[in-house]
Amino acid sequence: MTRSEIVYAYLDAYSIQYTHYEHPEGKTIEEAKRWWHDDGSVHCKNIFLRNHKGNQHYLVCFDCDHDLDIHDLEQRLKARLQAAGLAAPGKLSFASPERMMKYLGLEPGSVSPFGLINDVEHHVILFLDNNLQNAASLSFHPNDCRGTVVISHDEFIKYIEGLGNTYEFMDLY
């Protein structure tokens, strides 16, 4: 099965409602915007980060129309993790393609929360921007940058709650 088919099979197996469509490759937001349908969803940007020691990884999702300051994110994550009694991340950097493959089973350009299906040890912590809670629906790659999954907010919450990964909504910008 392809990476997309694995996502669809997973969502179907857990009775998670979604729609999807295929399109030409869009490895960056700028490329993908050409192919997205005007479906009312918030199209999300997803970045995969690691801490300075390389022993913790974070998937961060936010509205693609916003920019994210990595230094500011470091401070926000540090405060949030320490408040929860967890170790602060220290300096954040983008995770390597090798780490992306190891933890999410993905290649650069195809990062999405659906990669967490492959994180069977629940190593990756998911952070989502608070603004996404106000969206009726969200859209992500189906682990392949040649497609888009549109999923309602409620169905997306059902998906992430079923994964077993730690996740949290927070102000990212």
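Residues are numbered from 1 along each chain as its sequence is written. In this predicted model, local features need pLDDT of at least 70, side-chain atom pairs count only at pLDDT 80 or more, and totals for chains, interfaces and linings use all residues, while side-chain values use heavy atoms, with hydrogens and water left out.

**Serine 139**

Serine 139 lies in strand β6, residues 137-140; strands (E, at least two residues) and helices (H or I, at least four) are DSSP runs numbered from the N terminus. Serine 139 counts as buried because its relative accessibility is 3%; buried means under 20% relative accessible area, exposed over 50%, and partly exposed in between (1.4 Å probe, protein chains only). Apart from neighbours within four places in sequence, serine 139 is in contact with Ser41, Val42, His43, Cys44, Thr148, Val149 and Val150, where contact means heavy atoms within 4.5 Å.

**Aspartate 171**

Aspartate 171 belongs to the segment after β8 (167-170). With a relative accessible area of 44%, aspartate 171 is partly exposed. Beyond neighbours within four places in sequence, aspartate 171 is in contact with Arg76, Asp129 and Asn130.

**Side-chain polar contacts**

A polar contact is a pair of N or O atoms within 3.5 Å; within protein, one must be able to donate a hydrogen and the other to accept it, and residues adjacent in sequence count only if both atoms are side-chain atoms.

| Side chain | Partner side chain | Distance |
|---|---|---|
| Serine 139 | Serine 41 | 3.2 Å |
| Serine 139 | Histidine 43 | 2.4 Å |
| Aspartate 171 | Asparagine 130 | 3.0 Å |
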